[in-house]
Every structure is written in C-alpha cells, then in structure tokens.
Amino acid sequence: MMKTRYCWLLAAVLLAGCGKEERREATSLYKVLSQKQAELAGVNALEKDLLGSTREWCDGIVNNGGGKGKQLEENAASAKSLAESAGAVATQLSQVRQAIYDLPLKQEYSQGVRSTLINQIMKRQKMLQEVRMALDASAAGFLDFSRSRAYNGDTYPPGIDKLNSLVSGYKGPEDAVGKAIQDLKVKYTLQDADLAGKT
C-alpha cells in the first residue's frame with residue numbers, strides 16, 4: 001500500500017515538474033515574441049508598402065507597355081530599386097525568424113508555436129525572393145529593350161508577367177506573432193509581469 005502511494009506521489013511530482021518546465025518555456029517564447037512584435041509590425045508595414053507599390057508599378061506597365069527611350073531606363077531603375085527593397089525586407093524577416101529559432105525549446109506546444117511561425121515567415125521570404133528575382137529579370141529586360149532599335153514600346157519584359165501573378169492578389173501579411181502571443185497568454189495565463197521575469 002505504501003509503495004503504491006509513493007508511486008502516485010512520485011508521478012504527481014514529475015507531472016508538476018513537467019508542467020512547470022512547459023510554462024517556463026512558454027514564458028521564454030512569450031518574451032521573445034513580445035520583444036519582436038514591434039519590430040515585425042514595422043517589417044509588415046514595409047512589406048505591404050513595397051508589394052503595394054510594386055503592384056501599382058506593374059499594373060502601369062501591363063496597361064501601357066514598357067515605354068521608350070528614357071522611360072525604359074527609368075523602368076529599369078525602378079525595378080532595381082524595388083528588388084533591393086524586397087531583399088532588405090526579406091533580410092529583416094530572417095533576423096526575426098532567427099531570434100525565434102534560437103530559443104532552446106523542448107516542450108511540444110512551444111515547439112509547435114515556433115514551427116508555425118517559422119514556416120509562415122519562410123513562406124513570406126520565399127515570395128519576396130521570387131518578387132526580387134522577377135524584378136531583377138525585368139530590370140535587365142528593360143535595359144535590353146533600351147538598346148534595341150526594333151523595340152517599339154508596346155511590350156514589356158517577361159518578368160513583368162511573373163511579377164504580376166505574384167503581387168496581383170497580395171493583401172498584406174497576417175499578424176502571426178500577435179496571434180501566437182495571444183494563444184500563449186490564454187493557454188498559460190501569462191501576464192505582463194511575466195515579461196519582467198516575475199512568475
């Protein structure tokens with residue numbers, strides 16, 4: 001009888017320890033996400049502005065052609081500038097992703113939250129990379145047209161069609177970090193005091 005009670009007590013202690021470790025990890029993840037939330041909000045705004053501007057620029061070319069003379073060089077410069085901005089936004093996303101990835105998490109729930117966030121960020125980075133590549137190709141295409149006497153201004157580089165398909169349905173990034181923070185707060189009853197390390 002004593003042995004049975006001892007086993008139950010040991011099991012209860014082990015379970016309590018696991019619960020404490022799970023909450024500790026969730027708190028660590030909560031802290032990092034809270035620290036990165038404002039930074040990511042800024043990156044989200046940059047991405048939305050960049051891809052919105054790219055869509056408008058792309059629409060103008062699809063509707064009016066690539067232009068002639070100096071306009072071709074201007075379009076090439078615009079494409080190059082937009083491509084550089086896409087690369088910069090992707091780099092900022094990578095820094096946020098790395099901060100989340102570097103957390104030493106072992107508990108299933110926290111790992112799941114992190115995995116979901118990393119996958120969402122990587123998906124955005126992939127899109128930005130594709131946008132950058134299409135813009136780089138378009139910039140080269142506009143310069144080629146500017147050197148061709150046969151070009152009459154009514155077409156545009158093939159990269160523009162690829163770019164158009166990427167940005168035409170873009171609605172802006174979701175606040176995945178905000179959702180993750182809210183989920184952690186609800187599941188583990190986390191409060192602002194937990195951000196300061198008070199438990």
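Helix α3 gives the most to the lining of the largest pocket, with 6 residues. Helices here are DSSP runs of H or I with at least four residues, numbered from the N terminus. A pocket is an open set of points, on a 1 Å grid over the protein atoms alone, where a 1.4 Å probe fits, with protein on both sides within 12 Å along at least five of seven lines; lining residues have an atom within 4 Å of a point. The model is predicted, so local features need pLDDT of at least 70 and side-chain atom pairs pLDDT 80 or more, while totals for chains, interfaces and linings use all residues. Residues are numbered from 1 along each chain as its sequence is written, and side-chain values use heavy atoms, without hydrogens or water.

The volume of the largest pocket is about 410 Å³, taken as the space filled by probe spheres set on the points. Its lining holds 15 residues, and Gln-120, Lys-123, Arg-124, Pro-173 and Glu-174 lie nearest the centre. Two or more lining residues come from each of α1 (2-64), α3 and α5. By class, 8 are nonpolar, 2 polar and 5 charged; Ala, Val, Leu, Ile, Met, Phe, Trp, Tyr, Cys and Pro count as nonpolar, Asp, Glu, Lys and Arg as charged, and the others, Gly among them, as polar.

The second largest pocket holds about 170 Å³ of space. Here, too, α3 gives the most to the lining, with 6 residues. Among the lining residues are Tyr-109, Gln-120, Glu-174 and Asp-183.

Tyr-109 leads on to the aromatic rings. The whole structure has 3 aromatic pairs, counted when ring centres of Phe, Tyr or Trp (its six-membered ring) lie within 6.5 Å, with planes under 30 degrees apart called stacked, over 60 edge-to-face and the rest tilted. The centres of Tyr-109 and Tyr-188 are 5.8 Å apart and their planes stand at 70 degrees, so this pair is edge-to-face. Because Tyr-109 lies in α3 (residues 108-146) and Tyr-188 in α5 (residues 176-188), the pair ties together parts 79 residues apart in sequence. Tyr-109 is partly exposed at 29% relative accessible area, whereas Tyr-188 is buried at 9% (buried is under 20%, exposed over 50% and partly exposed in between, with a 1.4 Å probe and protein chains only). Phe-145 and Tyr-151 form a stacked pair, 4.1 Å from centre to centre with 10 degrees between the planes.
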